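I opened this notebook to record what I looked up in one structure.

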Amino acid sequence: MTRRTYYRRMFYAAAIYNWLAAAATIAKTVSPSQIPIDSPFDQFGGQVFALMVAVFGYGYFLVGRDPARNEAIVQIGIIGKLLIFLLFLAYAIAGTFPFILMIPAVGDVIFAFLFLEFLLVGRARYANA
């Protein structure tokens, strides 16, 4: 697999990851009894959170279409993913957030570091590929 293909797939995977998280959050707010995990959100808050996660997912989809031209979205993604992880972690440590939700939040950290690798190393390789 070429670097170009790798990065495109990575950003598409990030988009799908976000869309699945958004769908799960919406499902939990619409049918709370169907998903056996406590939610830190009320219905409105969960839906707003899910919409923002879905919008970020669309941004990653756009990056996947043309990684070389969407550096700003990648930078925003790194910041957003790290801040969400830190926020979730702070509330989990405080005991007001279900600790099990830290599992998918770790995925955000992984993607943040993959995005950072793209910006620091891969962008130049992608352009030259």
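I first noted how a patch is defined: patches are made of residues with over 30% relative accessible area and no salt bridge, with like charges joined within 9 Å and nonpolar side chains (Val, Leu, Ile, Met, Phe, Trp, Tyr) within 5 Å. A salt bridge is a side-chain nitrogen of Lys or Arg within 4 Å of a carboxyl oxygen of Asp or Glu. Accessible areas come from the Shrake-Rupley method with a 1.4 Å probe, and for residues only the protein chains shown count as cover.

The model is predicted; local features need pLDDT of at least 70, side-chain atom pairs count only at pLDDT 80 or more, and totals for chains, interfaces and linings use all residues. Residues are numbered from 1 along each chain as its sequence is written, and side-chain values use heavy atoms, without hydrogens and water.

**Surface.** I found a nonpolar surface patch formed by Phe44, Val48, Leu51, Met52 and Val55, with about 510 Å² of accessible area together. Val48 lies in helix H2 (helices are DSSP runs of H or I, at least four residues, numbered from the N terminus). Val48 counts as partly exposed because its relative accessibility is 37% (buried is under 20%, exposed over 50%, partly exposed in between, with a 1.4 Å probe and protein chains only).

**Interior.** I looked up the buried residues of H1, and among them are Tyr7, Met10 and Phe11. The largest nonpolar core has 13 residues (a core joins buried Ala, Val, Leu, Ile, Met, Phe, Trp, Tyr and Cys residues through side-chain atoms within 4.5 Å). Its largest share, five residues, comes from H1.

Notes. Helices (H or I, at least four residues) and strands (E, at least two) are DSSP runs, numbered from the N terminus.
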